[in-house]
Amino acid sequence: MTKNTPGRRRGRQLPRTDELRIWRDYIESAEALRSELASRLQAESSLSPGDYGVLLALSETPGRRMRSSELAVHVGWERSRLSHHLGRMERRELIRREECATDNRGAEIVLTTSGASAFRGATVPHLSAVRELFIDALTPDQLAFAGELAAALRSHLRPQAPAHGAVNSARK
């Protein structure tokens, strides 16, 4: 809760009609935005949002490599989902898996030259779509509030989790 959020209601209570309308508007808008961004990303770069997220994480990491377990946490996926996705990315030569030099039990995921090239080629069109579909649709005050809303929801869902970007900044 933020300082401007009303106190919690007593007991369990179902959402009111007006609250459900806001919830549905939020969910439907977020899904429409996510779907349009995914379609554009795929059409313009042949990368899925999952591919882009993995490539982004690796591109921001020193040495362009990361332990698979760390990458799973970073992208918010279960390890088995990530493993299957990495297999598809490896077949397309976007990444490669190498034995971990410090621990034989784990693997490091390495961004390949072609993966880095695909990521660079996708970034400008993707960020242009983000600007067009999200940023330009909002006033500066609305955009700031959207950031506050996202932070409040993230804090409520994962109170112990670091703020988005904290993991990245710790590695730099």
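In what order do the 3 strands of the open sheet stand, and is the pairing parallel or antiparallel? The order is β1-β3-β2, with antiparallel pairing; two strands pair if DSSP finds at least two bridges between them. The model is predicted, so local features need pLDDT of at least 70 and side-chain atom pairs count only at pLDDT 80 or more, while totals for chains, interfaces and linings use all residues. Residues are numbered from 1 along each chain as its sequence is written, and side-chain values use heavy atoms, leaving out hydrogens and water. Helices (H or I, at least four residues) and strands (E, at least two) are DSSP runs, numbered from the N terminus.

Because β1 (65–67) and β2 are edge strands with a single partner each, one side of each has no neighbour in the sheet. Between β2 and β3 there are 5 bridges, and Ile-95 stands opposite Leu-111 in β3.

Next comes helix α4, which spans residues 79–91. Its buried residues (under 20% relative accessible area, with exposed over 50% and partly exposed in between; 1.4 Å probe, protein chains only) are Leu-82, His-85, Leu-86, Gly-87 and Met-89. Their cover includes α2 (49–59), α3 (68–75), β2 (95–99) and β3 (107–111). In the contact between the two helices (heavy atoms within 4.5 Å), Ser-68, Ser-69, Leu-71, Ala-72 and Val-75 of α3 meet Arg-79, Leu-82 and Leu-86 of α4. After α4 comes Glu-93, with a positive phi near 60°.

Technical notes
Expected span 1.5 Å × (residues − 1).
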